[in-house]
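I opened my notebook to get to know this structure. Here is what I looked up, entry by entry.

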Amino acid sequence: MTDHDLPGGSAPAGGISAPSEDITPQAQGWAIPVNTTPPVPGFSASWKEIAAAIASYFLAWWYLWDAGFLFESPDGVLPWFWTLLFVLGFVGLTEFLHWEQKRPRESWIWLGCLGLITLSILLDRDGVWDIGQRGLFLHLAAVYWLLCRGGRLAEGESGHLLLLDGIHGFVIFPFYHFYLRIRCLWFEARSLARGRVRVRWATVLWSLLALACALGLFAIAVSLLSKADAGFHQLMGRAADWFRFDWNGEWLFKFLLSLPVGQYLFGLIAGSRREDPEILRERGRGLCAWVESLRKVPNLVWTLLTGAFVLLYLVFFVLQGSYLFGAFTRTLPEGFIVSEYARQGFFELCRVMGLNFALLWLVTRMSRRPVREEKASLLLCLILLAESMLFAVVAFSKLALYIDCFGFTPLRLQSTWLVCVLFAGCLAFGWNLLTGKKALRIWLVFSAVSLSLLCLV
């Protein structure tokens, strides 16, 4: 081997070649590990989330005062005042966080339902629904409006994935993001400690000084006005009662309870905003795909089973026709009085309609081929819906006879609403079978709006 055969072209003294500066580790075949995994982004919170996190403490406070079964309102404060504060705070906080997002037109409907139910609570009338029922409706309307307003419905709009939307709104979103408020506030505290917002300290100090001066002048003004007018003095005394805390009693318990309530509310409002709508749509499509995988029953089997139900109802109508349709002619069966005839069988007929809806869902979801592609199956399903509508008409005739004789009561109005909703459900289901168009959304809107309006009666 010659010197020219060595790397670098020449050998130094001692016979050991010096490495050339032109030789890099890559040229010599050395592998350098390169981390190709993108760094995981750290948690961050926007200024809106920080502000909303602070506001959620007040929102939870108002919510607990609204829960009249837990706390009594302070003297001079009407119970509906807290309901109004909470609803306005809930809607305002949601709009504050979602303001840049386009508002779906459908969200106005659910916001209107929320407003009508709230108005019925503020009026505090003994109407069709009692205060507990209206409170339940208020929660349902508020959460569903939030999901619709934020575009977090599983289908992007109201539809047959209503149950999945309810699980998202009441369980998954608030509990998955249960500690989001703590994380947002901790993020802001760390940012302040690191001096990332050092320029704010001067602003904060001067703002606190201005606040202290304003509060002092405000207190002096209230004192002078109270001395000038006895009525104003009494009013200010009642207002001051709101801020007198009994830390050994109810106020301390309320404060401790408001912490998890506020985390739940903030997890719902701000947490839903952090959910990717496309992932929610994918989850909905996955659920729909799973339902489609249930199509394993031959159509002939479901046709025969549906035919058995149709035949059963036809026999029932024929044998009991004079009894069922007596309300139309105001002819009561022998031995019956009006109240007994009207009440007997009403809710059983409604349950039969509900059972028919369950049967039709199984037929349309488990038949190997779509029902619209099988004329016999489609015809039997439509006949079953027609029989269900006849059940609704018979139930309504009984109820109308009862109301005509004895007048309206809350329970009778609730029953009337139920029959109308079931009848409308039959129409929506039939329209879907005939045209293949989505009709469940219209039925849901009709049911919700009519219920909200009935709250005002």
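I began with surface: accessible areas come from the Shrake-Rupley method with a 1.4 Å probe, and for residues only the protein chains shown count as cover. By that method the protein chain exposes about 27,000 Å², with 69% of it supplied by carbon and sulfur atoms.

I noted that this is a predicted model, where local features need pLDDT of at least 70, side-chain atom pairs count only at pLDDT 80 or more, and totals for chains, interfaces and linings use all residues. Residues are numbered from 1 along each chain as its sequence is written, and side-chain values use heavy atoms, leaving out hydrogens and water.

Next I looked up the helices and strands (DSSP runs numbered from the N terminus: H or I of at least four residues, E of at least two). I found 18 helices and zero strands in the protein chain.

I then checked burial (buried is under 20% relative accessible area, exposed over 50%, partly exposed in between, with a 1.4 Å probe and protein chains only). Of the 457 residues, 38% count as buried.

My last stop was Glu374, in the loop between helix 15 and helix 16 (375-406). Contact means heavy atoms within 4.5 Å; leaving aside residues up to four places away in sequence, Glu374 touches Asn299 and Arg369. Asn299 lies 75 residues from Glu374 along the chain, yet their C-alpha atoms are separated by 7.8 Å.
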